[in-house]
Amino acid sequence: MTLPHLIQDTPLKAVELCALCKQPSKHRCGGCETVTYCSGEHQKEHWIQHRDTCKAYKILTNDKIGRYGVAMRTLEPGECILTEFPVVIGPKPHTYVMCLGCYASIDGSTLCSSCGWPVCGPGCEAAPCHANAECPVFKNARVRFQSVENCMDACPQLNCVTPLRLLLAKESNPERWESEVRIMQNHNEERRKTPLWENNQINIVEYLRGACKLADRFDEELIHTACGILEINCFEVHCSNGSTVQGLYPQTAIMSHSCVPNTSHCIVTSEENRLFLRTTVKIEKGSEIYTTYTHTLSPTFLRRSFLKKYKFFDCSCPRCSDPTELGTHMSTMKCHKCDLGLILSSDPLDPLAQWKCTHCEFSTPGSAIERVFSVIQDELDQLECVLLGEEAVEKREALWRKYRSVLHPKHAFLMTLRFSLSQLYGHAEGYLLDDLPDILLERKIEICKDILSVADVIEPGLSRLRE
């Protein structure tokens, strides 16, 4: 963090003492507004002591949500609240075969000459994230990587890599583990009742303690705790090679969730995966700072289901509580029994609640809506394999046409398709900007306007959705 500017206290504010010389002062640190200085020179001299505590937010705790952050001062849109490097970076659970140095997707035929696990080549073999972490463990235990038949299938053997890296980070940097990581939520008691716990027991706990010969270093509960910390708190990291991995950023993870966040983060892979958390809107002093743990371009049912299953809480934010999703209608369906009706949930916080038409007597149970949403989501997921070229545009347009008579024009599924199309028109082969006819240019403009109208509500201000 760089040295903040000094701000002048108002004349009516009580005089405080300079943090260095203890003389009366009217200049306040612009970073946190909690300490004062008589001059810029004394601020510079004191900076080495103040730097680690100079934050634009403070951490509070309550029984409902645990730790959370509130603004220490009024924060303007675009301010950087914090920046931090990850405790650990590594493969996500159930990922495909990837290089353990750069995380590129590979077929598993090239293996590290030291440990026998997948890498791209000598350069990635020597990458510190691999060479200084799991590589010597696997080498000493003589455990070899067993590849899957299809390199794009989930590879359970890689599930142990990131938890192992976190456990090794505990040993190499015990100070950060104690001050930042150990106190993070792991939800062990709730997770113990899920199938994932048993999966972790076999693929991670028993594998590390047995095959990898680490029973004398890490007990079962500690390994499960490491798994829980990662599962509950990690952020996705998008690599320049197209792969997605997970990273643990303890300070950012403190911030509460909202389906309408007031911050946005970016992770700069070229700066050792450094994370920057910035405000998207003005946050008044004392107000809570929110990030989001799910995709904002998802309907309420899927957002809440994801948060309950993987983060172990029920979201009841204003957006989730409103059947119209704050007027965006991102969960709304069209009624097939009448011409003008819209089908809305009678209680969006209850997944089993009836969905009713606004114009006729038609109603249907939440379980029926869940099945419809699951089918559409599956079709959207299949499109993720079609990323480029004319086919990418045409398949998305076809799916949009298929469901436009079923879903509200601004339904989350249709907005997801339109967001992809806004990126593809002008960039996809066959649809380059210079080649687009007027009708498709107008189509791109129309799509972008629709996205912005929704972004104004669910990701207002300087959000990434609006970029």
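The largest nonpolar core has 66 residues, and Trp117, Phe138, Leu166, Leu208 and Leu248 have the most contacts inside it. Such a core is a set of buried Ala, Val, Leu, Ile, Met, Phe, Trp, Tyr and Cys residues joined through side-chain atoms within 4.5 Å; buried means under 20% relative accessible area, exposed over 50%, and partly exposed in between (1.4 Å probe, protein chains only). A second, separate core of 20 residues includes Met333, Cys338, Leu380 and Phe413. In soluble globular proteins, nonpolar side chains tend to be buried together.

This is a predicted model, in which local features need pLDDT of at least 70 and side-chain atom pairs count only at pLDDT 80 or more, while totals for chains, interfaces and linings use all residues. Residues are numbered from 1 along each chain as its sequence is written, and side-chain values use heavy atoms, with hydrogens and water left out.

Leu166 is in contact (heavy atoms within 4.5 Å) with residues beyond four places in sequence, including Val87, Trp177 and Leu248.

The structure also holds 23 salt bridges, each a side-chain nitrogen of Lys or Arg within 4 Å of a carboxyl oxygen of Asp or Glu. In one of them, Arg303 pairs with Glu325, the closest N and O atoms being 3.0 Å apart. Arg303 counts as buried because its relative accessibility is 1%, and Glu325 is likewise buried, at 0%. Glu171 forms a salt bridge with Arg217, with the closest N and O atoms 2.5 Å apart. Here Glu171 is partly exposed at 37% relative accessibility, as is Arg217 at 38%. Finally, a network of salt bridges links Glu397, Arg418, Arg443, Glu446 and Asp450.
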